[in-house]
Amino acid sequence: MGLLSLWKSSDLGKELTLPLIAVSGYSGLAGAGFGWDNCYWSGFLGMEQFAKDFGVLDVATGAHSIPASWQSAGSGAPMAGIALGCLLSGFVGHKYGRIKTFLLAAAIAIVGILIQVTAIGRFWQLMAGRIVNSISMGLVCNVVPTYQSEVAPAKIRGSLINMYQFWQLVGATMAAVSNWGFKDRTDQWAYRVTIILQFIIPAVLLLGGTFLPESPRWLVGQQRNEEARNVLHFLRRGTLPSALIDEELRLLAATEEQDRELYEHSSWADAFAGTNLRRTALSAGVQCLQQAQGNSFIIQYAVVFLQSIGVRDSFEVLILLYFVNCVASSMAFYFVDKIGRRPLMVGGACVMAACMFILAGLTGFHQESLAAQKGALACLFIWQFVQAIAWASCVWVVCAEVPTLAVREKTVTTATFSGFSVGVLVTFVSPYMQDPGYGGLQGKIGFVWGAGSLIAAGWAFFFLPELKGRTLEELDEMFQKRVGVFAFGNYQTSGAGGAAKGGRGPGLGFGGRGWGWEIGGGGY
């Protein structure tokens with residue numbers, strides 16, 4: 001069977017349309033700004049000219065450096081800005097829609113970048129610009145995966161949401177290349193070009209964002225059903241008969257009506273009431289545990305960490321790390337929906353734990369050994385590959401598809417705010433754990449992140465159900481019926497979701513009362 005035949009027989013080949021590619025790809029572009037900002041800062045912390053222009057002179061050595069307290073504030077404060085943006089996105093996204101939130105985020109990003117560009121030797125002005133820009137990233141990281149989940153067919157929803165993570169890594173790779181290309185200059189252009197180039201992404205989003213169709217689920221929630229129908233026909237054209245697209249709209253409207261009856265006057269408390277508590281906890285859990293595995297540390301302090309374990313060509317190695325990340329993320333387009341979220345996240349966390357423990361052992365006790373450095377680098381590359389294809393991609397997929405429509409913005413806002421709050425803690429504390437003169441862990445800090453991965457693996461095994469291939473309406477029904485974790489994969493739906501797909505395999509029952517955390521039932 002040829003490649004073309006394999007493509008046509010796959011779910012992506014059957015469900016994907018040019019409008020879906022354009023909509024998911026263009027909206028995901030917002031993630032490139034997120035990746036760019038995080039990666040360029042990591043490079044700046046290891047750049048001599050940046051330290052000379054913005055840092056502090058050590059009279060004893062005659063060298064300039066960015067103090068650990070400044071590193072902590074410079075990395076942690078923007079994470080706090082992201083958390084603030086996450087809080088705002090719930091209100092803005094619900095009231096004004098997904099597209100207007102995109103445009104608002106792009107406008108805020110331009111203001112933040114302008115503040116950074118005009119910072120000449122003023123470290124705290126640069127930080128103020130990063131904080132403003134990070135508010136836009138908080139808006140984006142909530143609304144983009146939510147939007148992508150709401151326009152995607154069930155069978156390829158994971159692949160399309162992965163577009164956001166893929167663009168993040170593309171942005172990070174471009175920033176790493178820019179840092180590497182200019183790092184040896186002995187003037188302000190060693191770092192200023194990289195800051196200026198950030199303008200491109202929000203400018204493109206502002207120019208083209210007005211052409212994106214609004215989320216059909218948000219339109220139904222606003223009782224604008226005819227507009228939702230037009231959007232669905234635009235997105236699904238060529239893959240389904242018109243009557244089936246209209247049936248999808250009817251089921252959307254029925255689910256929305258059911259949600260409206262359950263949460264007629266939805267409040268923040270509803271995100272933590274009944275079965276929604278389970279959904280909010282799952283969304284927040286994946287976000288927080290991703291940070292607990294060292295994700296923010298590697299993003300913010302990659303160059304400093306590489307230098308601390310004796311790697312000389314840290315900027316070149318960083319480019320290769322992000323290239324590996326991009327390759328792995330592109331593979332996730334297929335594996336997230338083929339293998340499923342749960343196996344990837346459980347297995348991925350186990351591999352990530354092993355990599356961090358080996359890395360910490362090699363660099364913590366054999367730092368002077370060239371062989372140990374090579375072994376540690378190999379572990380770091382494997383860690384990056386696995387986390388990109390597993391947690392980095394699946395976190396946004398799970399967070400976007402778990403919440404119910406009536407409180408989706410509130411659930412996603414709670415989850416991302418919780419995750420980035422943990423990220424703030426990680427970025428503030430890490431320099432004090434790692435740097436000589438403080439904790440002095442250096443490479444041994446890997447033991448901390450390895451332990452986080454073991455906790456993540458156990459949590460995902462016992463609490464995270466498999467969500468692949470289910471419509472959002474099916475997931476609503478299954479959570480409302482408190483289906484157990486191990487029964488999700490083969491549970492047969494009977495409500496609106498079941499009508500949409502004709503049901504599933506043999507029914508395996510569901511958990512009893514309470515919050516729906518029961519883990520009895522059938523297989524994965």
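This is a predicted model: local features need pLDDT of at least 70, side-chain atom pairs count only at pLDDT 80 or more; totals for chains, interfaces and linings use all residues.

Is Ala 105 buried or exposed?

A: Ala 105 is buried, because its relative accessible area is 4%, under the 20% cut-off. You'll find Ala 105 in helix α7, which runs over residues 98-117. Leave out the neighbours within four places in sequence, and Ala 105 is in contact with Ser 136, Leu 139 and Val 140.

Now for the setting. The chain has 24 helices and two strands. Of its 524 residues, 58% count as buried, and Ala 105 is one of the buried ones. If you take contacts between residues at least 6 apart in sequence, 79% of them join residues at least 24 apart.

In the model, residues 375-399 are 96% helix and 0% strand, with end C-alpha atoms 34 Å apart. Residues 411-433 come out as 100% helix and 0% strand, and there the end C-alpha atoms lie 32 Å apart.

How do the helices pack? Two pairs are worth a look. Start with α17 (residues 314-338) and α19 (residues 370-389): their axes come within 7 Å and cross at roughly 35°. That crossing is right-handed. On the α17 side the contact includes Val 317, Leu 320, Leu 321, Val 324 and Phe 335, while α19 brings in residues including Leu 377, Leu 380, Phe 381 and Phe 385. Sort the residues of this contact by type and you get 14 nonpolar, four polar and no charged.

The other pair is α3 (residues 18-28) with α9 (residues 157-182), packed at an angle of about 35° with axes 8 Å apart. Here too the crossing is right-handed. The α3 residues in the contact are Leu 20, Ser 24, Gly 25 and Gly 28, and they meet Leu 160, Met 163, Tyr 164 and Trp 167 of α9. This contact has five nonpolar residues, three polar and no charged.

While you're at α3, have a look at Ile 21, which sits in that helix. With a relative accessible area of 38%, Ile 21 is partly exposed. Apart from residues up to four places away in sequence, Ile 21 touches Leu 16 and Tyr 26.

A disulfide is a covalent bond between the sulfur atoms of two cysteines. A search of the whole structure turns up zero of them. Take Cys 399: the closest cysteine sulfur belongs to Cys 141 and is 8.4 Å away, so the pair is too far apart for a bond. Cys 399 counts as buried, at 2% relative accessibility. Cys 350, on the other hand, counts as partly exposed at 40%.

Last stop, a bit of backbone geometry. Most residues other than glycine have a negative phi. Gln 223 isn't a glycine, yet its phi is positive, about 60°. Gln 223 lies in the loop between α12 (216-221) and α13 (225-236), and at 59% relative accessibility it counts as exposed. Arg 482 also has a positive phi, about 55°, without being a glycine. Its place is the loop between α23 (472-480) and α24 (496-501), and Arg 482 counts as partly exposed, at 23% relative accessibility.

So, back to where you began: Ala 105 is a buried residue in helix α7, touching Ser 136, Leu 139 and Val 140 once its sequence neighbours within four places are set aside.

How values were computed. Residues are numbered from 1 along each chain as its sequence is written. Side-chain values use heavy atoms; hydrogens and water are left out. A disulfide is a pair of cysteine sulfur atoms within 2.5 Å. Buried means under 20% relative accessible area, exposed over 50%, partly exposed in between (1.4 Å probe, protein chains only). Axes are lines fitted to C-alpha atoms, for helices over the stretch in contact, and angles run from 0 to 180 degrees between N-to-C directions. Helices (H or I, at least four residues) and strands (E, at least two) are DSSP runs, numbered from the N terminus. A crossing is left-handed if the near helix is turned anticlockwise from the far one by less than a right angle, and right-handed if clockwise. Contact means heavy atoms within 4.5 Å. Ala, Val, Leu, Ile, Met, Phe, Trp, Tyr, Cys and Pro count as nonpolar, Asp, Glu, Lys and Arg as charged, and the others, Gly among them, as polar.
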